[in-house]
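User: I have a complex open here and want to go through a few of its features. Can you take my questions as they come?

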Amino acid sequence: MCFPTKTVKRSCVVRASVWAISLLCLLGCKDPFRTRESPPPATETEGTWKTPSEPDDVIENLLYAYNEMVISNFDRCLCDSFRFSAPEDSVKAVQDNRDELFADWERNVEVSVTANMFTVFRQNTDSVSLVLLFEPVPPLPDDISDTSAVLLRDYELHVFDMKAVPAETTLAKGTATFHLQQTSLSWWCICFWGDIPEVAGGYDWGDFKAQFK
Amino acid sequence: MKRFCYPLIASFLALTFFSQCSYAYGIQCDFSQDHRTYTWNFLFDYAPDTSLDLSWGLESSMNSIITKRSGGPDWLQEDGRIDLKLDYRLTGKISVGSFFSQDIYSSEETRATTSDYGISSEFELAGIRFIQSLGVKMIDRQDSSSTEPEISQQGFGYDQIISASPRILSNSVTQMSVSQSLVELKKIPLQRRELSLAFSKALSDSPIPGSHGDSLRMLYNEGWAKKRFFSGTTQKKNHRDINLNASGGVPLGIRMNLNVDYLRDRDRRYLPERDLLGFYLLSSSLSAELQLEKNFWRRVQVEGFYRYMRSEWDYLGEESDQVMEGGELGGRVEGKISQVDSAYLSASVGVTSYYAPVSGQFNDRDKLTVLVWGEYLHVFSPHLEIRLEGGFKNFHLTYMSEQFSFENNHDQTYVLTPAITWFPHRKLTLRQKYSIKANYRYYDYQKASETGRNSLLRRASSFSDLEFRYSERMTFFAGYSYRYEDDGPLIWKDQWVQRISRDQRINSVSLSLAYRPMRNLTVSPKYTYEERKSWDHEAEETGDAQEKTLRERRLLGNRFFRKMISITLRYLVSQENYLYLSAAHRLQDDTQSRQEISDYITVSIARIF
């Protein structure tokens, strides 16, 4: 007659424990099939969105998402592999001994920072507001191929502080470089966003975003 | 660049004195020009493999980017690093050494340089390893564009690592380490402590050759840091991360993999005046994934998974507090149905919810995502095969606030791509592929709207490719593609009806050649031509005042064309040893902007000696 050895018994105990943990995890987790109930609309506020069948549509969606502060539309402009880089601001951060400020700025960081920014501006509409503008003529023609594209846009970001006496306007100016890609089931999205100021040491979009990180 | 020249020259000279030793060193240089951006990368790695007790190594890297700006000065950015280490083994368990490293970051008028040099020692006692280093750290900060004076700091730095790998259980690996860093710089002191524990154990050997056996792995990291910025702000950070991974066989021949990750970071910043708390953020995330897989009859692989994630950002009850929670269930089936048929199917459904606990519901939303993708391959004969790919993606966004629920929408994409590959001759391959893609976007509370918010975009493409292998050294490629696309508003009339507002047609031709004059050398010239035309559809009223009718007019909106000629030279000895040259000349023009001529160059060299 064979009896289970100590090794086999221990292995069975470990497996059973892992099964139990797995089942507990499943029981306590989120239902992937159901969303919450949504109330009927009280107002007819419209966010602007266009299916990004061309790279320029993505930039247009990003512009509207920023000015209308619709985080869900902004979120959808970014690819899963998104990365943001502000090289001159990174050097300034290293200058200040804050090396990690612009490091590892990936999609979840970008969405979290922008959500934070939109929340602050939406909750204080009587004191702060912002307007984002892109120059109508880009500094260089767009470079578009079948599945990848590079678009450059000169931008101005006006931030108004209406509670200051007198009211203050902060202006961020620079050039944003957008690298986009397209996949089979998706449309165009931004995989890389580079930012440099218009003048060396000037206040740019990266500086503005870092305030909300 | 100058700062790195002297060590590089010294290292090249040193190579001549160590020529009698076996050594490995590598160089990689890249240059690329893209639009008005010029990028240089340089990597050098030298580590002589000597049988002596003395060993040393040198690593150097440099990255430079110049961006030319119209109407303004060129913008230059550089960052680089150099590391030099020297070790001398006194006995089998004791060694001493020295180190030197320098980091440089510069952008236009701003430059930050950090240098470290000192001595180190390493010894082992009763299975515990002690590594210590003591040295000098120097920091220089210059900003010519600012009125702030140049900053220069110098101070002592001390690092200590204590690590051990005790053997606790058979077939297991345990690693523990405690480390501490101190940098005594007057304006920017730094303290850091870390604890790390890792345990992994093989629970059994796998009965199937080539596959992994049962295993258990746990990781625990805890860290604390305190540093001061040049602005005077003091930052304190706590970090914790835990990982658990278990993999093994469970009843019914199923393999299970469970992975759990927990991450917690706390960041507090105190202002220099009166030590007030100026910033607080506690971020935590938990993710768990359970995967089950089983192989049937050694032909069909079935996998299923459930993924859960939850993240929180706590700004101490501020309006910016956020919570995100998501669950996803999915699976895939892959296998050979018969000798000539194989199929693949994957599907997943998930809900991600966003909450704003303090600021109220106004931005709370749920996102439901459904994803289905399938592939099928049928081989008629060694000369003919057909492949079918298709998928569906549904994205439903709902807001929890009546302020935003007007934006609730569905976004659905359908894709179908059949392709035929024919090998009529051993030297000839023909491919024909079609692709149909459609995107429906409609709003839950705006179905009756005719403002154009509900929309449909359709795209149909045809790709024809030819590959002719003239000889072992020469292959010709030719391709033609045609694409039709239209979009317009969707109108609800008992069912969705599209009204086209724009359509576009794109024709593209490409010709290329791959020539191998030598075994490792390939030269590839290529020519491509693309023409794009788009038309706008407008409704025009015709007829008299009593009987007006709408007539659709189709007007040419934009015409675009592009010609590009390129040549690529590739000399490939191995993944680590290669030379790559590429140059392209492009001309493009359209009715809405001026003609543009661009040139692109890329040079890349890598060599391991």
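Predicted model: local features only at pLDDT ≥ 70, side-chain atom pairs only at ≥ 80, totals over all residues.

User: Which residue of chain A does Asp411(B) meet in a salt bridge?

Analyst: The partner is Arg76(A), at 3.1 Å from N to O. Asp411(B) lies in strand β20 (residues 409-425) of chain B and Arg76(A) in the loop between α3 (71-75) and β1 (78-85) of chain A, so the pair joins two chains.

User: Is Asp411(B) buried or exposed?

Analyst: Asp411(B) has a relative accessible area of 5% and is therefore buried. Arg76(A) is partly exposed, because its relative accessibility is 23%.

User: Which residues are linked in a network of salt bridges?

Analyst: Glu54(A), Arg459(B), Arg483(B), Glu485(B), Asp487(B) and Arg502(B).

User: What about Asp103(B), which side chain does it meet in a salt bridge?

Analyst: That of Arg81(B), with 2.5 Å from N to O. The pair links distant parts of the chain, 22 residues apart: Asp103(B) is in strand β5 and Arg81(B) in strand β4 of chain B. Asp103(B) counts as buried at 14% relative accessibility, while Arg81(B) is partly exposed at 31%.

User: How many bridges join β4(B) to β5(B)?

Analyst: There are 13, between residues 75-89 and residues 94-107 of chain B, and the strands run antiparallel. They form a hairpin with 4 residues between them. Arg89(B) stands opposite Ser95(B).

User: And which strand does β5(B) join through 14 bridges?

Analyst: β6(B), residues 110-125, also antiparallel to β5(B). Gln102(B) has Ser115(B) as its bridge partner there. The hairpin of β5(B) and β6(B) has 2 residues between the strands, and Glu108(B) takes a positive phi near 55° in that hairpin.

User: Switching to the surface. Which residues make the nonpolar patch of about 590 Å²?

Analyst: Leu52(B), Leu54(B), Leu86(B), Tyr88(B), Leu90(B), Ile94(B) and Val96(B). β4 and β5 of chain B each supply at least two of the patch residues. Leu54(B) sits in strand β3 (residues 54-67) of chain B and is partly exposed, with a relative accessible area of 35%.

User: Last topic, confidence. What is the mean pLDDT of chain B?

Analyst: It is 86, and 89% of the residues in chain B reach 70 or more. Over residues 1-23 of chain B the pLDDT is below 50, and this stretch has 37 contacts in the model beyond near neighbours in sequence.

User: And what ipTM does the predictor give the complex?

Analyst: An ipTM of 0.81, with a pTM of 0.82.

Conventions: Residues numbered from 1 in each chain as written. Chains lettered and ligands numbered in written order. Heavy atoms only, no water. Pairing = 2+ DSSP bridges. pLDDT = per-residue confidence, 0-100. Contact = heavy atoms within 4.5 Å. Patch = residues over 30% accessible without salt bridge, like charges linked within 9 Å, V, L, I, M, F, W, Y side chains within 5 Å. Areas by Shrake-Rupley, 256 points an atom, 1.4 Å probe, with all protein chains shown as cover. Salt bridge = Lys/Arg side-chain N within 4 Å of Asp/Glu carboxyl O. Buried < 20%, exposed > 50% of the residue type's maximum accessible area, 1.4 Å probe, protein only.
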